[in-house]
Amino acid sequence: MLNKLMRYRASGRRLTVAGASLMLLAACANSSTEASNTAASSIATPAIPEIVASYTPEQPSFAEWRRAFRDEALAAGIRPSVFDDAFKGIEPDPSIVQADQSQPEFTRPVWQYLDGAVSPQRLAQGRRALSQYADILDAIEQRYGVNRHILVAIWGLESNFGNNIGDKSVIRSLATLAHEGRRPSFAHTQLIEALKILQQGDVSPQRLLGSWAGAMGQTQFIPSTFNSYAVDFDGDGRRDIWESPADALGSAANYLSASNWQQGTRWGTEVSLPRDFDFALADMAIRKPVAEWATLGVRLNAESGLPSRLAEQPVSLLLPAGYRGPAFLVTGNFRSILRYNNSTSYALAIGLMSDRLQDKSDIQASWPRDDRPLSRTERIELQERLDASGFDPGAADGIIGANTRKAIRRFQDTLGVPADGYPTYALLEQLRER
Ligand SMILES: [Ca+2]
């Protein structure tokens, strides 16, 4: 009941701020995680803004919210002393509300993201980490069967090898978000999980630090992921992903292992495609054995070094920047990395960084760096124009998901251009001229 009230209140306030624009509300779904997209789309149900417009509930203060939440936490098994210690002096953090509501208009294209993620400096740090933590990584590989180069790449991207673990109180961040964030029920659940971590004694309230969104420690686990997958790899009796590299790397390996990681299989490899290839096959929903891709003209690059067992494994074709950019065949291990962080650019960065750490050469094809990425407003316009032309892209939410890619392909088919489903400014201009 309290949660429901919160959701109406949060929606109502953002409606005021956004000038009652349903489109802007829907476009809040900017995060790459499926969870947040789902939450945002439920907030953006057309019926709700009309209810909100005439519905002005009493807004509970933070202190009122905390009193009600304390009852819930205790009912969930949290001891009163643990709750009261954790919440001692906790007040809402306005900077977190601001971060939660920011909707970036421009996102970096995949090549710019990769330039930053797999930089020469990060590779050098990664090589040092491989050498410095060789014994720990040996033991982790033996126990979980997850390749050390993947683990070091994740460590590098999540927290810059433990140097950037976030300095915000996880209790304060999540309490702020549960009280007035745009995904209150998610924050609410994570806050209970965070209190369970304190109750188990893995870390003190003062050291329970993370990002503004509650991602914690060197692995950037959210509290529920910590409770399910964190391990005490160094054996000191506490699962400490904040201070112990062994615990952090072991926990990341345990999480990947539980996400169907296949030992000895690569994440994927770059491939070349014939000019007349059917680009509609480049879709994560389509999986074929490598041999079948080969009959369609997909060629593995010379240095790919794929183990022969991969030939039988169904893999998907990925074109992160459309037909003009590099192409990859990606395995189930790529999907495991996506479970860690549901962003294609992220998973590609992890895979490519792990390759570079093994001294494999950089990718051969070049990125279409002259492509001008669409802003959020333009992505919404693209979707609206696709819809107006009968290509059925789904909700105009600024997110290029499976439905929008299908719609783009249908439009590309009518133009007689490669149907890669990739949104470009040129396509938007052609839609404007219709
Ligand atoms: Ca430990």
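Predicted model: local features only at pLDDT ≥ 70, side-chain atom pairs only at ≥ 80, totals over all residues.
Biologist: Which strands form the open sheet, and in what order?

Modeller: The order is β4-β6-β7-β3-β5, and the pairing is antiparallel.

Biologist: What makes β4 and β5 the edge strands?

Modeller: Each pairs on one side only; β4 covers 288-289 and β5 covers 299-300.

Biologist: How do you know that β6 and β7 pair?

Modeller: Pairing requires at least two bridges. Strand β6 (residues 314-318) and strand β7 (residues 327-330) have 3 bridges, so the two count as paired. Ser-316, for instance, has Val-330 in β7 as its bridge partner.

Biologist: What makes β3 and β7 a pair?

Modeller: The cut-off is again at least two bridges. Strand β3 (residues 268-272) and β7 pair over 4 bridges, in the antiparallel sense, and therefore meet it. In this pairing Thr-269 stands opposite Leu-329 of β7.

Biologist: Which way do the residues of β7 point?

Modeller: Ala-327 and Leu-329 point one way, Phe-328 and Val-330 the other way. All are buried, so each has under 20% relative accessible area. In a regular strand, side chains alternate between the two faces of the sheet.

Biologist: Which residues touch the most other members of the largest nonpolar core?

Modeller: Of its 84 residues, these are Phe-87, Ile-171, Leu-195 and Leu-208. Helix α18 (residues 344-357) gives the most to this core, with 8 residues. Another core, of 14 residues, lies apart from it and includes Phe-279 and Trp-293.

Biologist: What is Ile-171 in contact with, leaving aside neighbours within four places in sequence?

Modeller: Its contacts include Phe-87, Leu-195 and Leu-208, so heavy atoms of Ile-171 and of each of these come within 4.5 Å.

Technical notes. Residues numbered from 1 in each chain as written. Heavy atoms only, no water. Core = buried A, V, L, I, M, F, W, Y, C linked by side-chain atoms within 4.5 Å. Buried < 20%, exposed > 50% of the residue type's maximum accessible area, 1.4 Å probe, protein only.
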